[in-house]
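Thanks for making time this morning. I would like to walk you through one structure, so please have a look at it before I go on.

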Amino acid sequence: MENITHVFFDLDNTLWDYRRNAKITLVKLYEEFQVKEKFGYSFDEFYPFYYESNEQLWADYRDGKVTKDELRTRRFPEAFANLGIPNAEFALDYERRFVDEVTLSNYVVEGAEEILEYLKDKYSLHILSNGFEEVTHDKINKSIVKNYIQTITTAEGAGAPKPNPKAFQVSIEKAGAKPDESIYIGDDWIADVIGATRFGMKAIFFNPLNENHLWIEEVPVIDNLVELKNYL
Ligand SMILES: [Mg+2]
């Protein structure tokens, strides 16, 4: 694409493999909290309830329906309640431990290192994430992502989550970039693609799970990061 000098990335499940890293921590805590021994449910029974609760609350956070604190106080209590453990008094401890420990694993998404290596000399690279400030910096600093990134902006730091234009505004100012010379790459259709294109940036939708989505003519869709070489 022409005239692009700045590339902005989403972090979770675009560069940093949240699904994989989170699952490693969830398994470890599930064993430590002896959930199976005490309540009889296996991790594999629990995981879909966690996944659903986590995805829904992050979508609600993106849509301005819940705060960060609500997300954090509801995610595990709801997942355990849906599993069949109502009022699990250990659920908030589980949340605290999860946030503290999720960055002990720092796998990146398949193709991330190859594409960052490819892009780094041609473009200025940045992160704009809806994640929490401290955890986001941890994920970047403990992974290979830190070697390639010039600026980091979070929803918390910007005062609003994507798709709110304020998040993009803060990020682009920090980068010293302009919308029409910038492109955004992310795996959330609403937060990333709608947010970026409404703000005046180009966008590429990363859709590794081949989820259903709408189409915008000028927005390419890829399911592997190395396909970015076709556009950048
Ligand atoms: Mg994401």
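Predicted model: local features only at pLDDT ≥ 70, side-chain atom pairs only at ≥ 80, totals over all residues.

**Salt bridges, strands, a metal site and a cavity**

Residues are numbered from 1 along each chain as its sequence is written, and side-chain values use heavy atoms, with hydrogens and water left out.

In total, the count comes to 17 salt bridges. One of them joins E101 to K28, with the closest N and O atoms 2.5 Å apart. Since E101 lies in helix 5 (residues 91-101) and K28 in helix 1 (residues 18-32), this pair ties together parts that are 73 residues apart in sequence; helices are DSSP runs of H or I with at least four residues, strands are runs of E with at least two, and both are numbered from the N terminus. E101 counts as buried, at 13% relative accessibility, whereas K28 is partly exposed, at 36%.

E101 also meets R97 in a salt bridge, again given as 2.5 Å from N to O, and these two residues, 4 apart in helix 5, are separated by about one helical turn. R97 is partly exposed, at 27% relative accessibility. Taken with E32, the residues K28, R97 and E101 are linked in a network of salt bridges.

Turning to the strands, strand 2 (residues 124-129) is mostly covered, with 6 of its 6 residues buried. S124, H126 and L128 point one way from strand 2, while L125, I127 and S129 point the other way. Strand 1 (residues 6-9) runs parallel to strand 2 and is joined to it by 4 bridges, two strands being paired if DSSP finds at least two bridges between them; F8 has H126 as its bridge partner. Strand 2 also pairs in the parallel sense with strand 3 (residues 151-154), over 4 bridges, and there I127 stands opposite I152.

Next, which residues coordinate the magnesium ion? They are D10 (OD), D12 (O) and D187 (OD), at 2.1 to 2.2 Å, where donors are N, O and S atoms within 2.8 Å of the metal (3.2 Å for Na, K and Ca), and the site may look incomplete because water is not among the atoms. The donor residues are spaced D-x1-D-x174-D in sequence, and both D10 and D12 are buried.

Finally, the lining of the largest cavity includes Y18, R19 and A22, as well as Y47, Y50, Y51, N54 and E55; a cavity is a set of points on a 1 Å grid over the protein atoms alone where a 1.4 Å probe fits but cannot get out, and lining residues have an atom within 4 Å of a point. Helix 1 and helix 3 (43-62) each supply at least two residues of that lining, and helix 3 gives the most, with 5 residues.

Technical notes. Buried < 20%, exposed > 50% of the residue type's maximum accessible area, 1.4 Å probe, protein only. Salt bridge = Lys/Arg side-chain N within 4 Å of Asp/Glu carboxyl O. 1 Å grid on protein atoms, 1.4 Å probe; cavity = no way out; pocket = protein on both sides within 12 Å on 5 of 7 lines; lining within 4 Å.
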